[in-house]
Amino acid sequence: MRSLSLPKSLLLAVLGCAVLAGCGARSATTDQALAAATAPDASVSAEDQELRFMELLTRDVPRCNQYIAKDKGGLPEDLPGWEPGAPSAGGSTPVPLPDAPPPPEPDPDVTPPNREEEVPLNAYEECFGVDEAQRVGEAFKNTKAADYQAMQKKLTELGYPAPRIHRMPDHAGAPRARVDLRMMGGRLALEVTGTGHGVTVEAFGASEEEGVNLVEVKRKPKP
């Protein structure tokens, strides 16, 4: 996917405002920016589509904070997979950690993991993945996607930018697509498969490393 021409500082600012939306008051400027980003206008630019997408992924941060603190038995920063820099369950910003030491030199005798294999999701990504899968499933409920083009059109109407939607080989004659939700180190993706009465949606993890093609990521066999 091509890089955005919109200044990164602006993208980060809007993302930060969206993350804090449930933790305190938002300014009128922030509300106007998010409203413009989420406007259902087919003529919006790729940058505006990406802003809309960012707002989608951050709208449930406060709820996921509460879910993790309540159902996982601790605050997010106490859990495996927690990444410093995300907001804490109380809505405050974690204290910055000191610079991490440089990574160790790779062991020539150890085979590095395959970047094209499915990777696990952390607690936050699991929470967001459940929400996004349910949202997509509800949108396709009792609506059979005749082909990939129909599926792609519906997904873009839900706010996912077209460059983040990737066609996959049909499954038993039904259309299939993957939606790339990876951003700023995230690993979340969705696999959407057509059925006779809607779609099935699965959240899974893909490496955030540069150059990893979501279409080529190999899913792990289901238990």
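**Close-up views of a predicted model**

**View 1. Glu126 on helix 5.** Glu126 is partly exposed, with a relative accessible area of 35%. That value falls between the limits of 20% for buried and 50% for exposed. The residue belongs to helix 5. Gly205 sits 79 residues away along the chain, yet the C-alpha atoms of Glu126 and Gly205 are 9.3 Å apart. As in every view here, the model is predicted.

**View 2. The disulfide of Cys64 and Cys127.** The structure has one disulfide. Cys64 and Cys127 form it, and their sulfur atoms are 2.0 Å apart. Cys64 is part of helix 4 (residues 61-71) and Cys127 is part of helix 5 (residues 123-139), so the link ties together parts that lie 63 residues apart in sequence. The angle about the S-S bond is -90°, and the link is left-handed. Are the two cysteines buried or exposed? Cys64 is buried, at 0% relative accessibility. Cys127 is buried too, with a relative accessible area of 4%.

**View 3. The largest nonpolar core.** This core holds 31 residues. Val136, Met151, Leu155, Tyr160 and Leu181 touch the most other members. Several elements each supply at least two residues, among them helix 3 (46-58), helix 6 (148-157) and strand 2 (174-180). Which helix gives the most to this core? Helix 5 does, with six residues.

**View 4. Around Tyr160.** Neighbours within four places in sequence are left aside here. Tyr160 is in contact with Glu132, Arg135 and Val136, among others. Its partners also include Phe53, Leu155 and Ile165. Val179, Leu181 and Leu190 are in contact with Tyr160 as well.

View 5. Four strands make an open sheet in the order 1-2-3-4, and their pairing is antiparallel. Strands of a sheet pair through backbone hydrogen bonds. Which strands stand at the edges? Strand 1 (165-171) and strand 4 do. Each has a single partner strand, so one side of each has no neighbour in the sheet. From one strand to the next, the twist averages 20°.

**View 6. Strand 3 meets strand 4.** These two strands run antiparallel. How many bridges join strand 3 to strand 4? There are eight. In one of the pairings, Thr195 has Gly198 of strand 4 as its bridge partner.

**View 7. Helix 6 over the sheet.** Helix 6 lies across strand 1, strand 2, strand 3 and strand 4. Helix 6 runs at about 35° to strand 2.

Conventions. Residues are numbered from 1 along each chain as its sequence is written. This is a predicted model: local features need pLDDT of at least 70, side-chain atom pairs count only at pLDDT 80 or more; totals for chains, interfaces and linings use all residues. Side-chain values use heavy atoms; hydrogens and water are left out. A disulfide is a pair of cysteine sulfur atoms within 2.5 Å. Buried means under 20% relative accessible area, exposed over 50%, partly exposed in between (1.4 Å probe, protein chains only). A nonpolar core is a set of buried Ala, Val, Leu, Ile, Met, Phe, Trp, Tyr and Cys residues joined through side-chain atoms within 4.5 Å. Contact means heavy atoms within 4.5 Å. Two strands pair if DSSP finds at least two bridges between them. Axes are lines fitted to C-alpha atoms, for helices over the stretch in contact, and angles run from 0 to 180 degrees between N-to-C directions.
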